[in-house]
Amino acid sequence: RDIDVTVEPLLHVSFEDADPIDLMDVQALIATSRNGLRALKLAGHLDAARSLPVFTVGSGTAAEARALGFQ
């Protein structure tokens with residue numbers, strides 16, 4: 001059919017200049033994407049976050065959580 005296809009990402013995730021994360025008094029985490037979990041890692045909060053229960057919205061996010069050391 002001689003159709004040219006161009007693939008362009010519509011979203012660029014940036015973790016720069018993020019607001020600080022305060023985990024004080026947090027009882028659990030809800031991860032709606034893998035990027036949310038990656039943001040915890042890049043912000044240096046992963047060790048504190050691992051002690052919390054984490055609820056994920058999908059199997060890919062759950063796999064990322066396990067890879068980052070969440071139980």
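A residue is called buried when its relative accessible area is under 20%, exposed when the value is over 50%, and partly exposed in between. Glu 64, at 18%, is therefore buried. The model discussed here is predicted. In the whole structure, a search finds two salt bridges.

- Glu 64 forms a salt bridge with Arg 38, and their closest N and O atoms are 3.5 Å apart.
- This pair links distant parts of the chain, with Glu 64 in helix H3 and Arg 38 in helix H1, 26 residues apart.
- Arg 38 has a relative accessible area of 31% and is therefore partly exposed, whereas Glu 64 is buried.

- Arg 50 pairs with Asp 47 in a salt bridge whose closest N and O atoms are 2.8 Å apart.
- Because Arg 50 and Asp 47 are three residues apart in helix H2 (residues 46–50), about one helical turn separates them.
- Asp 47 is exposed, with a relative accessible area of 63%, while Arg 50 is partly exposed at 34%.

**Surroundings of Thr 61**
- Thr 61 belongs to helix H3, which spans residues 59–67.
- Its relative accessibility is 7%, so Thr 61 counts as buried.
- When neighbours within four places in sequence are left aside, Thr 61 is in contact with Ala 31, Thr 32, Ser 33, Arg 34, Leu 37 and Thr 56.

**Ends of helix H1**
- Ser 33, one of the residues in contact with Thr 61, caps the N-terminal end of helix H1 (residues 34–42).
- In this cap, a side-chain oxygen of Ser 33 lies 3.3 Å from the backbone nitrogen of Asn 35.
- Just after H1, Gly 44 adopts a positive phi of about 80°.

**Segment before strand S1**
- Most residues other than glycine have a negative phi.
- Asp 2 is not a glycine, yet has a positive phi of about 55°; Asp 2 is placed in the segment before strand S1 (29–31).
- Asp 25 also lies in the segment before S1, and its phi is positive, near 70°.
- Asp 2 is exposed, with a relative accessible area of 76%, and Asp 25 is exposed at 71%.
- Ile 3 lies in the segment before S1 and is exposed, with a relative accessible area of 62%.
- Together with Val 5 and Val 7, Ile 3 forms a nonpolar surface patch with about 370 Å² of accessible area.

Methods. Residues numbered from 1 in each chain as written. Heavy atoms only, no water. Helix = DSSP H or I, 4+ residues; strand = E, 2+ residues; numbered from the N terminus. Buried < 20%, exposed > 50% of the residue type's maximum accessible area, 1.4 Å probe, protein only. Contact = heavy atoms within 4.5 Å. Polar contact = N/O pair within 3.5 Å; in protein donor to acceptor, adjacent residues only side chain to side chain. Patch = residues over 30% accessible without salt bridge, like charges linked within 9 Å, V, L, I, M, F, W, Y side chains within 5 Å. Areas by Shrake-Rupley, 256 points an atom, 1.4 Å probe, with all protein chains shown as cover. Salt bridge = Lys/Arg side-chain N within 4 Å of Asp/Glu carboxyl O.
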